[in-house]
Amino acid sequence: MTRNEIIEKLRDILITTDDRNRAAAAACTEQSKLDSDLGLSSVGMLYMVIAIEEEFRIRFENVGATDFRTLGDVVDYIEAKLK
Amino acid sequence: MNRQKPEKLPLFSKDNLIYDFTKITAGLPGLLWLRPKWLYESKAARKRLRGGHLVIANHAGFFDPIYVMIAVWYRRHRFICGKEFFESKAGRLFRAFHCIPVDRGNFRIDTLRQISDALQAGAIVSLFPEGHVNDGSGEMATFKSGMVLMALQGKAPIVPVYVLPPKPRYRRLRLVIGEPIDIIARYGSRPSFSKIDEIAVMLQEKEERLKELAEADLH
């Protein structure tokens, strides 16, 4: 799976779950900051992790709500897990 | 309402020795001292809890975990508490009581898994959604929405409990038990972020209603 495909899927996850920031989610890029640009709280971040685990069939190990700064960090993690 | 099978734990086990010993030895003096009065929101709230439930309560003082244990006295509780307590001198006690440590500055997915596993295994997990002892004014601090995520992942109903501490000391401890709220049945297994916040607000409003019941009983 390419990075672009991963971002597409992440965008879909965000649009589905984060109904308050759909415009920001639709326009998100690898540089988007999870807290300031996408408005994700710590609970929102973990909720996204759960959705990613189900979508990509991977398991996040010992990850905290503040461990990822940008969407690109999340893509890096997923990419490494999918290898 | 509850999806889990009842918790099947032995009456006595080495794992729960300290918990049960403390409960038994402190129980009678505690009951005599506090003279707890149980109040119920409705007939449905009187039903004993079987299987996994997430018990939430207001947090007005350091004795609240004891009061919550008295509120649902017939079950063992696993409290969620800050990991710093585990690093203190009392850390062994927290471990013996099977408390679940949480990093309040950086809530971790593994902690969420530990909580949801406990709930799915049929345990009672208890927490104070204000996140800390409130300012003592009688007003509750804003509930954090993490509890909703725990209940969703653990597929367990949430049971609100309101504790009216015995202040002044001669007053009886009042414990108001609310009806279990099955949020998956009400909102589905994957509510949106704004729904999660709405659920947290709804639970706080429920606690406010339980508080009114407790205060009405004083008069």
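A residue counts as buried here if 20 or more other C-beta atoms lie within 10 Å of its own, as exposed if 12 or fewer do, and as partly exposed in between, with C-beta atoms placed from the backbone. Keep that in mind for helix 2 (residues 64–71) of chain B, where six of the eight residues are buried, leaving the helix mostly covered. Helices (H or I, at least four residues) and strands (E, at least two) are DSSP runs, numbered from the N terminus.

A word on what you're looking at. This is a predicted model, in which local features need pLDDT of at least 70 and side-chain atom pairs count only at pLDDT 80 or more, while totals for chains, interfaces and linings use all residues. Residues are numbered from 1 along each chain as its sequence is written, and chains are lettered from A and ligands numbered from 1 in the order in which they are written.

Let's start with chain B as a whole. It holds eight helices and seven strands, and its C-alpha trace spans about 45 × 45 × 35 Å along the principal axes. The radius of gyration (taken over C-alpha atoms) is compared with a globule rule of 2.2 Å times the number of residues to the power 0.38. For 219 residues a compact globule would come out near 17 Å, and chain B has 17 Å, so the two agree. Buried residues make up 36% of the chain. Now for contacts: two residues are in contact if their C-beta atoms, placed from the backbone, lie within 7 Å. Among the contacts in chain B between residues at least 6 apart in sequence, 73% join residues at least 24 apart.

Next, the sheet. Two strands pair if DSSP finds at least two bridges between them. The seven strands of chain B form an open sheet with mixed pairing, in the order 1-7-6-2-5-3-4. Strand 1 (37–40) and strand 4 (100–102) stand at the edges with a single partner strand each, so one side of each has no neighbour in the sheet. Neighbouring strands are turned by 25° against each other on average, direction ignored.

Strand 2 (residues 53–57) of chain B pairs with strand 6 (residues 158–164) of chain B over four bridges, in the parallel sense, and B:Ala57 stands opposite B:Val161 in strand 6. Strand 2 also runs parallel to strand 5 of chain B, again with four bridges; here B:Leu54 faces B:Val125. Strand 5 pairs in the parallel sense with strand 3 too, over three bridges, and B:Arg78 stands opposite B:Val125.

In a regular strand the side chains alternate between the two faces of the sheet. Strand 5 of chain B shows B:Ile124 and B:Ser126 pointing one way and B:Val125 and B:Leu127 the other, and all are buried.

What lies across these strands? Axes are lines fitted to C-alpha atoms, for helices over the stretch in contact, and angles run from 0 to 180 degrees between N-to-C directions. Helix 5 of chain B lies across strands 2, 3, 4 and 5, running at about 150° to strand 4. Helix 8 of chain B lies across strands 1, 2, 6 and 7, at about 40° to strand 6. Back at helix 2 of chain B, the buried residues include B:Tyr67, B:Val68 and B:Met69, and what covers the buried residues of this helix includes strands 2, 3, 5, 6 and 7 of chain B.

Now bring in chain A. The contact takes 15 residues from chain B and 17 residues from chain A. On the chain B side, helix 5 (109–120), helix 6 (146–154) and helix 8 (193–218) are the elements that give two or more residues.

A nonpolar core is a set of buried Ala, Val, Leu, Ile, Met, Phe, Trp, Tyr and Cys residues joined through C-beta atoms within 7 Å. The largest one has 74 residues, and those with the most contacts inside it are A:Leu46, B:Leu54 and B:Val161. Helix 3 (residues 42–56) of chain A gives the most to this core, with eight residues. Among the residues that A:Leu46 touches are B:Phe107, B:Ile109, B:Leu112 and B:Leu149.

Most residues other than glycine have a negative phi, and most peptide bonds are trans. B:Lys167 and B:Pro168 are joined by a cis peptide bond, with omega about -5°, and B:Pro168 sits in the loop between strand 6 and strand 7 of chain B. A:Arg57 has a positive phi near 55°, and with 9 C-beta neighbours inside 10 Å it counts as exposed.

Note on methods:
Lists of a residue's contacts leave out its neighbours within four places in sequence.
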